[in-house]
Amino acid sequence: MLSTPLSGCIEGPWKSEMHRIEKNSGDDTLRILTYDIMALSDEMISAFTNQTGISVEFIRANDAGGVLETAILNKDRPQYDLIIGIDNSFLGDALAFSLFQANDVNVENISLKALSSHDGSYAVPYDMGSICINYDTSYVDGENVTVPMSLWNFTETEWKGKVAVQNPRTSSPGRSFLIATTQYFAEDTDENTDYTDWWAAMSANDVIVSSGWTEAYETHYSGGYGPWMDGYIGDAQAVVSYCHSPGVEAWYGENWTQSAALNLAGASFLQIEYAAIPNGAEDISQAKSFIEYLISPEVNSQMPTQNFMYSVLDGYDLPEENGYRHHSVSPIDTQISSENIEAHIDEWLNNWDAAI
Amino acid sequence: MRKGALLLHVAPTLLFSFLVFFPLYLGFTRLITVAELSPFAAIWQIDSRPSGIGAITFTFIEASISTILTILLGIPIAWTLARDNWPGRIYLRAIFTMPFVMPSIIAAVGFLALIGTDGPLYPLGIDLRQQSGIIGKISDATGWENPGHFIALIAAHIWFNLALTIRFLEPPLSNLNPNIEESIKLLPGGNNIFSRMKNLWLPLLSPNIAAASVMTFIFSFTSFALVRWLTPSSFTLERLMAEHGGAAGIPDYGMGDAQIVLGSATIQLITIMISLILLNWLQKRNGAAMPFALSKGQKRQIPYREMSFASILKTFYFISILIFVLAPLIAVFRSSFRMRVRTGDVGFTQQWTLEGWSSLSTLSWNQTTITEALFNSLGYAALTLLIAVPLGIIFANNIHLSDEIAKIAKTRRKRLFWKYWARGNDFLVMFPLAISAVLIGLGVSLGLLNTWPSLSQRWWFPAIGHILIATPFVVRSILPAIRSLNPDYSKAAALLGLGPIERMFKITLPLLSGPIVVASSLALAISLGEFGATWVVLRNGASSTLPVHIDSLFSKPGFDPLVTPTAMAGASVLMAITLILYVMVEKYRPDGAGGEF
């Protein structure tokens with residue numbers, strides 16, 4: 001009665017109740033819990049259905065955090081057979097809650113970098129990208145303001161009130177960057193200070209804290225596309241974003257951007273996003289086929305242009321076209337396991353609250 | 001009372017209480033468990049969290065200033081609409097009060113478009129967003145952070161709530177018997193404007209000013225979409241609860257968030273309850289101020305005024321308010337045709353385009369296009385209509401009947417019982433409107449969803465919030481009409497042997513067809529525009545509604561220049577549907593129903 005006219009084979013959630021009845025009678029529909037994955041275009045879903053005969057239905061959450069929360073709430077009696085979109089900053093929590101079951105997806109084509117946080121046995125990586133500070137090159141002119149050589153430079157007066165970060169409690173890039181800072185200051189040569197001192201100094205230097213990525217990048221940051229958006233404020237000349245955001249800017253700006261990513265060893269966090277099969281899932285083989293499709297060269301090589309993330313496969317870099325690769329930076333990321341993150345994240349979040 | 005009639009009296013009250021209080025109760029107990037704090041201890045946690053710093057103060061200050069300015073700006077409009085013979089008076093009133101039914105997300109993106117660099121204020125030197133020019137000087141001189149954002153928020157709150165002042169104040173002003181006004185001028189207590197203010201106008205208007213103030217205060221206090229977009233660095237308690245609500249219900253995971261949400265919810269509930277009690281007290285204290293009203297059928301003679309300085313001033317004021325009311329809506333529509341295009345050596349320019357409109361059903365975000373979100377919204381609206389309107393009619397009828405029974409009750413005990421039963425039901429049905437959309441949404445998501453997670457897969461689930469929020473509007477539209485029905489019809493029908501249910505269908509409902517159209521249109525508009533509750537509930541699944549989808553599109557990375565014009569085109573569609581519904585409301589609104597919505 002109320003079914004929505006959807007393109008391709010994606011079925012609207014209006015049908016979900018009806019669907020459950022059908023499903024018990026053994027039809028071929030795969031239900032996926034995810035937030036927006038731009039790589040999963042309607043065409044690609046149609047192609048998957050044509051190849052395998054499995055149709056796909058999505059259950060949507062707001063963001064990576066929303067996917068995890070939904071998965072925790074539905075633990076042991078999931079309404080879906082596949083979860084896509086939990087990243088390695090949340091993976092430890094997901095594993096600690098025993099949300100996933102082991103899978104035997106073949107991951108031999110996946111790069112070591114993509115498997116660095118987790119070996120793929122419970123969650124298979126399908127895209128990745130480093131998170132670091134981006135800066136406005138028209139502000140960092142090399143004379144009055146030089147390219148920062150350390151995160152400590154951002155606590156100095158030329159950056160007072162000019163750095164925008166995301167609240168790690170409400171934003172996944174914000175959470176990733178907080179994790180990077182905990183390691184960066186633990187591993188630097190100065191033994192007297194740690195990340196809490198830096199965040200406190202940033203707070204004293206009027207760091208701008210936003211709820212989410214869009215507000216930080218689009219509203220506050222002067223180096224990206226923000227100046228052409230309604231609601232632009234432009235009070236920040238540096239922002240936490242992806243190290244390849246300037247590349248995406250160039251991709252849409254015909255090889256023009258005034259944004260650059262800061263190439264600072266250990267000050268970035270490699271965010272890796274995973275597909276995983278929940279405990280209690282019924283259609284394991286269908287879920288597995290979808291994961292294999294997601295990491296097949298034909299789909300995964302499209303990640304940079306469809307999803308603005310790196311492919312996880314060996315041998316696929318960003319395209320050269322429009323300066324996408326040229327304007328992107330691949331820094332040496334901080335190394336930390338998802339178990340380690342899970343063990344400490346509450347403490348880091350509380351310390352961050354206290355420092356800001 | 002017969003069994004059937006008794007059931008009709010008690011069942012809606014029980015059902016509605018259950019829908020309102022049960023999720024809230026479950027939500028609160030869950031928050032207390034996860035937060036590991038009592039509600040009052042949680043209040044002290046708010047200021048120790050980065051997003052919560054200053055949130056309590058900010059909420060009270062913005063709500064108070066919004067209220068004062070809305071009332072001050074609204075009084076001259078109500079006064080003039082009630083007392084002057086303006087050409088097109090009815091249409092002007094309709095336009096001035098229209099923002100109240102507009103979805104808050106439309107106001108948010110409309111004001112953003114107005115104050116941005118591509119908007120009309122920027123070239124005039126009023127830069128409320130980046131706060132250069134005069135706004136920057138104010139900030140530098142006073143040390144006030146982000147005055148421009150604050151001004152934009154207050155302006156948007158005034159825009160939204162002007163309707164309340166106009167609707168509440170116009171009836172007592174236009175119903176005042178002019179003879180009274182003329183007589184009081186001759187008395188020592190009324191021979192100058194100040195003494196008339198003190199002895200006539202204030203006592204006459206104060207209950208309605210109080211009502212308009214409290215409602216405006218509550219709506220500004222619980223503002224979410226506008227705060228989220230217009231004052232990005234500031235938080236109302238409502239915004240805090242919404243943005244921290246996701247993780248707040250999960251034990252061993254969301255303790256920090258649960259503390260913020262619990263503290264905010266506690267202050268908000270207390271504040272709103274105090275406001276409502278205050279309102280009740282103020283209205284009671286000044287309740288007997290209307291013996292001077294025109295009798296039924298007597299029409300007020302509105303003098304045609306000659307051209308004078310005052311009338312020029314009024315015309316200027318009206319034109320300014322007219323522009324103010326229409327500008328954000330025009331800005332939304334205009335922005336749907338603007339897209340940034342790469343030009344020259346450096347940067348982009350804004351150019352005219354139709355691509356936003358042509359992408360309405362192709363540009364997808366979260367596997368949903370605007371067209372699909374619109375169909376979802378229409379589904380929820382239909383469901384809201386089907387449930388909230390009958391429920392509201394039954395409530396209105398019950399409240400009226402209880403009042404009538406109280407009037408003829410033989411014992412004091414019976415009289416009091418029915419009086420308080422009527423008042424209690426009235427309060428109950430207004431409660432969801434007062435406690436804010438996000439709290440309703442949190443009740444549903446933290447209470448119901450966290451207890452029965454599989455509910456999130458039921459497509460009708462988000463409609464619960466819509467029904468709770470729309471029902472008060474239905475009751476407020478129907479109740480005055482039921483009260484003004486001539487009881488003789490019903491009595492005659494009863495004599496002819498018609499039972500209460502037959503009387504309802506054969507007599508009462510046909511007589512109420514106008515108000516029912518009004519109530520239905522309002523219910524549809526409220527459901528289509530509902531933002532806060534849906535935003536919270538949809539965090540975990542189900543299908544996006546159009547307002548929430550527009551918000552998501554604006555939150556999506558905008559590297560692709562197509563995103564903004566498409567979102568604005570979607571907002572224009574939502575705006576157009578709301579306008580059509582509003583025209584229905586205005587067309588069928590009975591005369592003299594101004595005191596309600």
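Two strands pair if DSSP finds at least two bridges between them. In this predicted model, strand β1 (residues 29-34) of chain A and β2(A) pass that test with six bridges, in the parallel sense. One such bridge joins I32(A) to its partner F58(A) in β2(A). Strand β2 (residues 55-60) of chain A is mostly covered, with five of its six residues buried.

Next, the nonpolar interior. In soluble globular proteins, nonpolar side chains tend to be buried together. The largest nonpolar core here has 264 residues. V109(B), V474(B) and A523(B) have the most contacts inside it. Helix α7 (residues 147-175) of chain B supplies the largest share of this core, 15 residues.

Take V474(B) as a local view. Leaving out residues up to four places away in sequence, V474(B) touches A388(B), V389(B), G392(B), I393(B), A519(B), L522(B) and A523(B).

Now the interface. Here 53 residues of chain B are in contact with 55 residues of chain A. On the chain B side, several elements each supply at least two residues, among them the helices α5 (104-115) and α12 (255-285) and the strands β1 (338-342) and β2 (348-352). α15(B) gives the most to this side, with four residues. By type, the chain B side divides into 18 nonpolar, 23 polar and 12 charged residues.

Technical notes:
Residues are numbered from 1 along each chain as its sequence is written. Chains are lettered from A and ligands numbered from 1 in the order in which they are written. This is a predicted model: local features need pLDDT of at least 70, side-chain atom pairs count only at pLDDT 80 or more; totals for chains, interfaces and linings use all residues. A nonpolar core is a set of buried Ala, Val, Leu, Ile, Met, Phe, Trp, Tyr and Cys residues joined through C-beta atoms within 7 Å. A residue is buried if 20 or more other C-beta atoms lie within 10 Å of its own, exposed if 12 or fewer, and partly exposed in between; C-beta atoms are placed from the backbone. Two residues are in contact if their C-beta atoms, placed from the backbone, lie within 7 Å. Ala, Val, Leu, Ile, Met, Phe, Trp, Tyr, Cys and Pro count as nonpolar, Asp, Glu, Lys and Arg as charged, and the others, Gly among them, as polar.
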